[in-house]
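Morning, everyone. Please look at the model on the screen while I go through a few of its features.

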Amino acid sequence: MTTRVLISFFCDDRPGVIEQLSALISDHDGNWLDSQLSRLGGRFAGVLQAQIPQTQYEPLKSALKDLASVGIIARLTDAGDASNAPLATQRLTLMGPDRPGIVRELTRALRSAGFNVRSMKTAVETAPMSGEPLFRAEASIELHEDSRLDELEWKLDAMADTMTLEIDLIPD
């Protein structure tokens, strides 16, 4: 019997981190499935999904804990049930002057209108003409039976006006 697990980790960015993690998964008769890995600042972080025999859960958990001795902080958890499939997804893009609170306001609007973030990527860049910090976000959001698209559009428009942002919502 197998189980799906999530492994989250962070460490100093250096060559060989993914190899170490994939070797541990293989050594525990597992299979690397999905992952989101990224360098953030001077650190490397990620989350991955693997399938392992249930008998290897505790041994893999222990082996991941031992990676702390080489500077990799890793945690193992059950992947959970993915049976609550969304009705549809939308792609959201956002761009504007960087300031504190953009992600908080965006996610507040999404939650209050009944939407769930499936994935999100954000970055702060230098604006080409002015050199000012420019915030960009792209997200895939899930619509469920209780999602209220009209309410979300209204909240995003208000947020765009208040924070001088360009926000687009595009059906996938």
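Over how many bridges do strand β1 and strand β3 pair? Strand β1, residues 2-12, and strand β3, residues 43-53, pair over eleven bridges, in the antiparallel sense.

Some ground rules. This is a predicted model, in which local features need pLDDT of at least 70 and side-chain atom pairs count only at pLDDT 80 or more, while totals for chains, interfaces and linings use all residues. Residues are numbered from 1 along each chain as its sequence is written, and side-chain values use heavy atoms, with hydrogens and water left out. Helices (H or I, at least four residues) and strands (E, at least two) are DSSP runs, numbered from the N terminus. Two strands pair if DSSP finds at least two bridges between them.

Now the sheet. Four strands form an open sheet in the order β2-β3-β1-β4, with antiparallel pairing. β2 and β4 (73-78) are at the edges with a single partner strand each, so one side of each has no neighbour in the sheet. On average, neighbouring strands of this sheet are turned by 15° against each other, direction ignored.

Two helices lie across these strands. α1 lies across β1, β2 and β3 and runs at about 160° to β2. Helix α2, residues 57-66, lies across β1, β3 and β4, at about 160° to β4. For these angles, axes are lines fitted to C-alpha atoms, for helices over the stretch in contact (heavy atoms within 4.5 Å), and angles run from 0 to 180 degrees between N-to-C directions.

Next, single residues. Where does Asp29 lie? Asp29 is in the loop between α1 (17-27) and β2 (31-40). Its phi is near 60°, a positive value in a residue other than glycine. Asp29 counts as exposed because its relative accessibility is 56%; the cut-offs are over 50% for exposed, under 20% for buried and partly exposed in between, with a 1.4 Å probe and protein chains only.

Thr164 sits in the loop between α4 (149-163) and β8 (166-171). Phi of Thr164 is near 55°, also positive in a residue other than glycine. Thr164 is exposed, at 54% relative accessible area.

Is Glu142 buried or exposed? Glu142, in strand β7 (residues 133-143), counts as buried because its relative accessibility is 11%. The side chain of Glu142 makes a polar contact with the side chain of Arg118, at 3.1 Å. A polar contact is a pair of N or O atoms within 3.5 Å; within protein, one must be able to donate a hydrogen and the other to accept it, and residues adjacent in sequence count only if both atoms are side-chain atoms.
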